[in-house]
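Happy to walk through this one with you. Have a look at the structure, and then we can go over what the terms mean and how each call is made.

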Amino acid sequence: MIPLSWYLILAAALFVIGLFGVLVRRNAVAILLGVELMLNAVNINLVSFWRYGDVSSMAGQVFAVIVFAVAAAEVSVGLALVISVYRRRNTVVADELDLMKW
Amino acid sequence: MTGEQIIFLIVALFTLGSALMVVTTRNLIHAALWLVATLFGVAVIYALLNAGFMAVVQVVVYIGAIAILFIFAVMLTRKDLRDNTPQTNKNWWAGALVAVLTFAGLVFTLQGWSGFSKTAAAIPSGFDAISQLGEQLTSPAAYVLPFEVASVLLLAALVGAVYVAFNKK
């Protein structure tokens with residue numbers, strides 16, 4: 001059998017890879033790709049806690065389903081923003097979007 | 001080492017390797033395709049966790065919708081993808097440091113937890129996870145309220161995305 005720790009370490013590694021992508025990428029679309037990796041890591045955690053905890057309580061899977069919905073909402077609005085910004089400013093590089101910076 | 005563990009290790013290495021490609025590759029179309037590979041790996045992880053419904057939803061929603069949306073977004077903003085400009089900002093080492101420290105902190109915190117290395121109990125015979133999930137998502141005693149809030153959120157995101165991306169000219 002696979003111990004719970006393997007899943008948790010896999011999820012932690014996937015999360016920090018996503019975090020790295022969010023922190024270092026310049027392209028706004030690539031930053032959203034990193035956010036997707038982080039959300040997937042969280043989902044692995046939720047489903048593995050469901051499996052290794054009380055199976056008859058479905059809370060882990062329910063939370064994961066809701067994370068799916070939130071991820072879909074996040075990516076649709078995020079990419080709409082990116083496309084709108086690209087149309088107006090002709091760039092998707094996050095450093096150059098400094099209109100609201102002090 | 002059992003066969004299940006070997007499958008897990010192969011899938012985990014594949015998932016993490018393609019995740020690394022997502023954050024490091026220069027071409028964004030390739031990054032989006034590597035994201036598809038990562039999402040497939042996560043779907044296999046769900047299947048290993050006896051969550052077949054989650055694996056199917058992962059393939060249908062994430063790969064079928066979200067990854068395709070990413071590829072469309074990359075293609076719509078293609079002009080900016082000059083391969084001679086750096087794809088990472090100049091403080092990338094600080095980002096790598098934060099990521100490594102976060103991983104170390106997470107593993108350190110998990111190691112002190114008593115349930116860290118517990119193994120899964122067998123699923124009781126006759127237990128149907130999918131019908132349980134459906135009942136709990138629609139039962140007022142369980143999670144019908146978050147379920148409805150999620151649908152309102154999706155509607156709001158749909159309207160918001162159309163409004164934001166709409167070309168007013």
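Q: How far apart do the C-alpha centres of domain 1 of chain B and domain 2 of chain B lie?
A: The two centres are 23 Å apart. Domain 1 covers 1-81 and domain 2 covers 129-169 of chain B, with bounds that come from an automatic or database domain assignment. Do keep in mind that this is a predicted model, where local features need pLDDT of at least 70, side-chain atom pairs count only at pLDDT 80 or more, and totals for chains, interfaces and linings use all residues. As for names, residues are numbered from 1 along each chain as its sequence is written, while chains are lettered from A and ligands numbered from 1 in the order in which they are written.

Q: What makes the largest nonpolar core a core, and which residues have the most contacts inside it?
A: A nonpolar core is a set of buried Ala, Val, Leu, Ile, Met, Phe, Trp, Tyr and Cys residues joined through C-beta atoms within 7 Å. The largest such set has 74 residues, and A:Leu14, A:Val29, A:Leu33 and B:Leu35 have the most contacts inside it. Two or more residues each come from α1 (4-24), α2 (28-52) and α3 (59-89) of chain A, and from α1, α2, α3 and α6 of chain B. The largest share, 15 residues, is given by α1(A). Domain 1 (1-81) and domain 2 (129-169) of chain B both contribute residues, so this core lies between them.

Q: How do you know what A:Leu14 touches?
A: Two residues are in contact if their C-beta atoms, placed from the backbone, lie within 7 Å. Leaving out residues up to four places away in sequence, A:Leu14 touches A:Leu37, A:Asn40, A:Ala41, A:Ile44, B:Thr15, B:Leu16 and B:Ala19.

Q: How do you know whether the span of α2(B) agrees with its 21 residues?
A: Helices (H or I, at least four residues) and strands (E, at least two) are DSSP runs, numbered from the N terminus. The expected span of a helix is 1.5 Å times one less than its number of residues. For the 21 residues of α2(B) that gives 30 Å, and the end C-alpha atoms are 30 Å apart, so the two agree. Since 15 of the 21 residues of α2(B) are buried, this helix is largely enclosed by the rest of the structure.

Q: What makes chain B more spread out or less spread out than a compact globule?
A: Chain B has six helices and zero strands. The radius of gyration is taken over C-alpha atoms, and the globule rule is 2.2 Å times the number of residues to the power 0.38. For 169 residues the rule gives 15 Å, and chain B comes to 21 Å, well over that, so chain B is more spread out than a compact globule. Along the principal axes, its C-alpha atoms fill a box of roughly 55 × 45 × 30 Å. Buried residues make up 25% of the 169 residues in chain B.

Q: How does the radius of gyration of chain A stand against a compact globule of 102 residues?
A: Such a globule would have a value near 13 Å, but chain A has 17 Å. The C-alpha trace of chain A spans about 50 × 25 × 25 Å along its principal axes. Chain A has three helices and zero strands, and 55% of its 102 residues count as buried.

Q: What makes up the contact between the chains, by number and by class?
A: Chain B gives 70 residues and chain A gives 62 residues. On the side of chain B that touches chain A, 50 residues are nonpolar, 17 polar and three charged. Here Ala, Val, Leu, Ile, Met, Phe, Trp, Tyr, Cys and Pro count as nonpolar, Asp, Glu, Lys and Arg as charged, and the others, Gly among them, as polar.

Conventions: Buried ≥ 20, exposed ≤ 12 C-beta atoms within 10 Å, placed from the backbone.
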